[in-house]
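Please open the model in your viewer and keep the sequence panel beside it. This tour goes from one selection to the next and says what is there at each stop.

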Amino acid sequence: MAMKLKPKTFGPIYVFHDGSDQMKFAFGDPAQKTDHPPYNTPVDTMISSLGSCIVKSMVWSAAQHKAELHNFHVIVTAVKAADLPSRVGKISLEVVGKFVDDDALVPEIIKQAKSVCTVSNSMNCEVEITTS
């Protein structure tokens, strides 16, 4: 019989892009921005790395499409897998804000950003990106 683990979620981690090279982060409360990623747990640190890699990848992808990038943020949450071994089963990223003027470019920028994101490509779980 397979052992079932108690469901656990991590985050939300907020990663903010304001057009500068410096990202801001928040854990739980988006009003509490800091210059450094959260380190409450190793998983929180891991998913903030994923969030910052997606943000950097979106900056790169928008530049490839010659699209002006506006302020936006990413909300990252993770859910622990329900069985052993102990691991993250799924990570969800929500890109919040109208980050480019041309709505037709949004899916392409997201797809390209995910494809070049070293952190998401290194993970052994489902990584889902949505926009709102």
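Is Lys24 buried, partly exposed or exposed? Select Lys24 and you will find that it counts as partly exposed, because its relative accessibility is 28%; here buried means under 20% relative accessible area, exposed means over 50%, and partly exposed is in between, with a 1.4 Å probe and protein chains only. Before you go on, note that this is a predicted model, in which local features need pLDDT of at least 70 and side-chain atom pairs count only at pLDDT 80 or more, while totals for chains, interfaces and linings use all residues. Residues are numbered from 1 along each chain as its sequence is written, and side-chain values use heavy atoms, with hydrogens and water left out.

**Salt bridges**

The structure holds 4 salt bridges, a salt bridge being a side-chain nitrogen of Lys or Arg within 4 Å of a carboxyl oxygen of Asp or Glu. Asp35 is partly exposed, at 46% relative accessibility.

Next select Glu128 and Lys90, which form a salt bridge whose closest N and O atoms are 3.6 Å apart. Glu128 belongs to strand β5 (residues 126-131) and Lys90 to strand β4 (residues 88-96), so the pair ties together parts that are 38 residues apart in sequence. Then select Arg87 and Asp83, whose side chains meet in a salt bridge at 2.9 Å, N to O.

**Two helices**

Now select α1, whose 23 residues should span 33 Å at 1.5 Å a residue, and whose end C-alpha atoms are 33 Å apart, which agrees; the expected span is 1.5 Å times one less than the number of residues. After α1 comes Lys66, whose phi is positive, near 55°.

Finally, show helix α2 (residues 106-116) as well, and look for the place where the axes of α1 and α2 come within 8 Å and cross at roughly 125°; axes are lines fitted to C-alpha atoms, for helices over the stretch in contact, and angles run from 0 to 180 degrees between N-to-C directions.

Terms used. Helices (H or I, at least four residues) and strands (E, at least two) are DSSP runs, numbered from the N terminus.
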